[in-house]
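Please look over the model before reading on.

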Amino acid sequence: MYLKALHLMQYRNYKSIDLEMSPGINVLLGENAQGKTNLIEAIYTLAMTKSHRTNNDKELISWGNDAAYISGELVRRQGKIPLSLQFISKGKVAKINHLEQSRLSHYIGQMNVILFAPEDLALVKGSPLARRQFIDRELGQLNPLYLHHSVTYKSLLKQRNAYLKQLNRKVATDRLYLTVLTEQLVKSASHILFMRYHFLKKLEDFGEPIHYKISDQKESLALRYVSGITITDEDTISTLYDKLLEKLKQHEKHDIERETTNYGPHRDDFSCIVNAIDIQKFGSQGQQRTTVLSLKLAEIELAYDATGEYPVLLLDDVLSELDDMRQTLLLKTIENRVQTFLTTTSITGIKKQLIVKPTIFTVSNGRIINGVCDIE
């Protein structure tokens with residue numbers, strides 16, 4: 001899988017550009033604040049229908065305009081797939097093969113992307129929300145059913161929390177309606193829990209040997225899903241439904257008093273265990289960075305395992321944050337296999353033997369010059 005062409009119109013600081021990209025390494029070269037990250041964002045947004053930098057789509061529209069447009073030609077095993085997104089004041093329009101999609105969930109998954117940025121290096125020691133989003137991004141691309149249940153769950157959670165508030169403030173009194181909401185919520189939650197748990201197990205399968213190699217055969221990596229209920233390999237969607245429903249029934253009074261749902265996928269987390277130690281709490285910065293790199297490389301292999309095609313990799317100024325050993329491992333892993341877009345202010349720090357004849361896009365104030373050259 002690779003993105004052959006990209007067109008932007010009135011997007012961020014780009015008035016209008018058309019790019020032809022290499023299926024190999026594409027280097028976005030330029031000084032800071034020229035638009036390199038905007039290009040990475042545009043590719044990510046084309047895949048996911050939303051930016052990783054903002055929740056406000058209006059910020060994607062160039063100043064003084066009322067719409068922004070992104071389109072691209074994706075090449076997959078089955079052929080070329082035109083994709084396009086239009087952002088207007090009333091929302092967004094997504095098209096596959098020039099046909100408008102009634103739901104964004106029908107669009108997401110056409111192009112699989114993996115983003116690796118400096119802020120991801122804080123994934124292990126960051127908030128549980130960041131780790132939940134990490135799982136949700138990948139699973140949402142690879143599994144339409146997960147995306148469906150995720151959207152449904154968020155809607156039902158909002159409804160349940162609103163009704164809990166009404167019950168606590170005596171605006172409502174019907175506990176039967178709360179029971180119905182809870183059962184509907186748990187139905188989607190049980191699917192989410194099942195898929196997240198097994199996603200982490202598979203990510204561990206790919207990540208453990210990678211981590212062992214990066215750590216010079218000194219460290220073993222394990223991933224543990226952390227939930228308000230106990231989850232085991234033997235659990236099914238049905239047993240998870242029963243467990244979570246029982247938990248919410250037990251804490252119904254507490255939920256009403258707090259006016260929020262205290263158990264469910266929205267409160268869950270995962271931990272990274274290195275040599276039997278939770279490195280979020282006790283690991284060094286080096287161990288945490290090695291773990292994040294292992295997870296990102298494992299994501300690539302997991303996506304290939306699930307789809308039979310490698311995803312598009314977006315490296316936003318991350319090479320400068322990695323030491324020579326980790327940089328070398330990353331670039332050798334993707335060599336001749338994964339279409340990659342990487343941003344940098346200088347190519348002098350990238351070893352010539354790791355990237356041969358990349359396509360170089362020189363980015364300057366929303367304008368781009370491209371060509372192929374050797375890295376000195």
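This is a predicted model: local features need pLDDT of at least 70, side-chain atom pairs count only at pLDDT 80 or more; totals for chains, interfaces and linings use all residues.

Residues are numbered from 1 along each chain as its sequence is written, and side-chain values use heavy atoms, with hydrogens and water left out.

**Overall form**
- The chain has ten helices and 15 strands (DSSP runs numbered from the N terminus: H or I of at least four residues, E of at least two).
- Its radius of gyration is 22 Å, close to the 21 Å that the globule rule gives for 376 residues, so the chain is as compact as a globular protein of that length (taken over C-alpha atoms; the rule is 2.2 Å times the number of residues to the power 0.38).
- Of the 376 residues, 52% count as buried (under 20% relative accessible area, 1.4 Å probe, protein chains only).
- Among contacts with a separation of 6 or more, 68% join residues 24 or more positions apart (contact means heavy atoms within 4.5 Å).

**Nonpolar cores**
- The largest nonpolar core holds 68 residues, and Ile135, Leu203, Cys272, Leu295 and Ile300 touch the most other members (a core is a set of buried Ala, Val, Leu, Ile, Met, Phe, Trp, Tyr and Cys joined through side-chain atoms within 4.5 Å).
- Helix H5 (residues 175-214) gives the most to this core, 14 residues.
- A second, separate core of 38 residues includes Tyr14, Ala42, Leu60 and Ala94.

**Largest pocket**
- About 1,000 Å³ of space lies in the largest pocket (on a 1 Å grid over the protein atoms alone, an open set of points with protein on both sides within 12 Å along at least five of seven lines; lining residues have an atom within 4 Å of a point).
- Its lining has 35 residues, with Lys50, Gln133, Asp136, Arg137 and Lys154 nearest the centre.

**Cavities**
- The whole structure has two cavities of 30 Å³ or more (sets of points where a 1.4 Å probe fits but cannot get out; points are joined across faces, edges and corners, and a volume is the space filled by probe spheres set on them).
- The largest cavity has about 80 Å³ of space, and helix H3 gives the largest share of its lining, four residues.

Technical notes. Buried means under 20% relative accessible area, exposed over 50%, partly exposed in between (1.4 Å probe, protein chains only).
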